[in-house]
Amino acid sequence: MDGDCCLTMLNPAVVSIHNCVLVCRNHLTGNLGRTDVASVTPWLAPIVWEGTFDSTLIDSIYKQQNITIATTVFALGKYTRFLKDFLESAEEHYFVGFRVHYHLFTDQAEEVPNVKLGQERYLTVKKVPSMNRWQDISMSRMEILEKLIENELASEADYIFCLDVDTKFYGRWGVESLGRLVGVIHPWFFNVPRFIFTYERRPESQAYIPAGEGDYYFTGAAFGGSLEDVHHLTKTCREQMNIDIANSIEAIWHEESHLNKYFLYNKPSKLLSPEYLWRDISMSSGQVKIIRLSHVAKNNAEVRPNL
Ligand code: UDP
Ligand code: MN
């Protein structure tokens with residue numbers, strides 16, 4: 001509070017309003033906002049880019065809420081090799097200062113590295129059966145997440161993020177990413193016209209999106225939100241994939257295609273820019289000023305159980 005401020009003489013409610021005004025004024029004088037990218041969708045959901053939020057202010061708001069962020073990650077077969085970098089870099093950059101509970105699904109618990117976790121950071125390892133097709137591993141995540149939320153998370157977490165393991169954090173991923181339903185814009189498709197999006201185009205699949213429809217192309221490698229919304233998302237995608245299996249069709253990009261269909265009819269309340277999942281090859285973009293999480297380069301033929 002300013003030393004010469006007469007409002008300090010008044011009652012606490014007024015002082016609190018005054019504090020708020022000071023915070024807001026400071027906030028506005030920070031010149032937040034970007035003119036080179038869209039930072040809001042046509043349905044008025046924020047699109048989070050560096051320069052659109054005040055990390056200190058937003059941290060202080062969420063600090064009052066005592067939240068837990070459940071984070072799921074799958075590492076089956078040779079993908080356990082990605083765990084060390086994923087977890088170590090997450091401890092450095094991901095929701096630092098907030099309670100995080102990693103739920104790690106693997107078919108080889110003995111391969112999980114011993115990573116030192118910070119205070120109020122927890123890791124639970126869960127065994128899942130091995131699978132022969134990477135597509136099945138990737139798609140099976142929806143049902144496992146659905147059941148995890150139903151059976152375990154209700155009493156322990158407020159938000160959930162589901163992340164690919166073949167990734168590494170390089171910059172802050174914090175509470176600015178939290179929302180009811182959160183999608184991440186795919187790093188290859190944020191600056192291309194809609195007809196380029198690789199949606200499922202066969203009407204026989206439940207993931208079908210006709211030409212001329214769709215807002216953004218979202219990655220399947222990172223999504224999240226409230227437990228209730230992510231439960232509905234995972235349940236719906238699991239049901240739609242089961243219908244596809246019964247009809248002997250597999251969507252072009254597997255659960256990512258179903259996720260995109262879901263987001264078309266259930267609009268995310270917040271979008272994260274490709275800063276929140278960058279490409280696996282080093283390639284700069286003027287609009288991406290900070291890389292927070294990035295796919296790491298991998299030799300698919302070598303790490304996957306099938307082609
Ligand atoms: N995955 C796994 N073992 C595999 C294949 C996939 O654990 O053999 C999991 C892992 O979490 C991975 C995710 O499924 O991050 C998605 O697969 P992948 O990363 O290969 O898909 P891409 O990002 O290359 O499309
Ligand atoms: Mn991946």
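Helices and strands in this talk are DSSP runs, helices being H or I over at least four residues and strands being E over at least two, numbered from the N terminus. With that in hand, hello everyone. Thr71, a residue I will come back to, lies in strand β2, residues 68-75.

Some housekeeping. This is a predicted model, where local features need pLDDT of at least 70 and side-chain atom pairs count only at pLDDT 80 or more, while totals for chains, interfaces and linings use all residues. Residues are numbered from 1 along each chain as its sequence is written, chains are lettered from A and ligands numbered from 1 in the order in which they are written, and side-chain values use heavy atoms, with hydrogens and water left out.

How far can we trust the model? pLDDT is the predictor's confidence in each residue, from 0 to 100. The average over the protein chain is 92, and 90% of the residues score at least 70.

Now the overall picture. The chain has seven helices and ten strands. Its C-alpha trace spans about 75 × 50 × 35 Å along the principal axes. The radius of gyration, taken over C-alpha atoms, is compared with a globule rule of 2.2 Å times the number of residues to the power 0.38. For 307 residues a compact globule would come out near 19 Å, and the chain has 21 Å, which agrees. Of contacts between residues at least 6 apart in sequence, 73% join residues at least 24 apart.

What share of the residues counts as buried? It is 50% of the 307, where buried means under 20% relative accessible area, exposed over 50%, and partly exposed in between, using a 1.4 Å probe and protein chains only.

Back to Thr71: is this residue buried or exposed? Thr71 is buried, because its relative accessible area is 0%. Beyond four places in sequence, Thr71 is in contact with Tyr94, Val100, His101, Tyr102, His103, Phe161 and Leu163.

Strand β2 turns up again around helix α3. In that helix, residues 83-93, the buried residues are Leu83, Phe86, Leu87, Ser89, Ala90, Glu91 and His93. Their cover includes β2, β3 (99-106), β4 (121-127), β5 (159-163) and β6 (167-169). Just after α3, Phe95 takes a positive phi of about 45°.

Let me finish with two loop residues. Gln287 sits in the loop between β9 (270-272) and β10 (293-295), and counts as partly exposed because its relative accessibility is 24%. Leaving out residues up to four places away in sequence, Gln287 touches Arg34, Asp36, Val37, Trp49, Phe190 and Asn191.

Leu32 is in the loop between α1 and β1 (47-48). At 34% relative accessible area, Leu32 is partly exposed too. The C-alpha atoms of Leu32 and Gly51, 19 residues apart along the chain, are separated by 5.8 Å.

Technical notes
Contact = heavy atoms within 4.5 Å.
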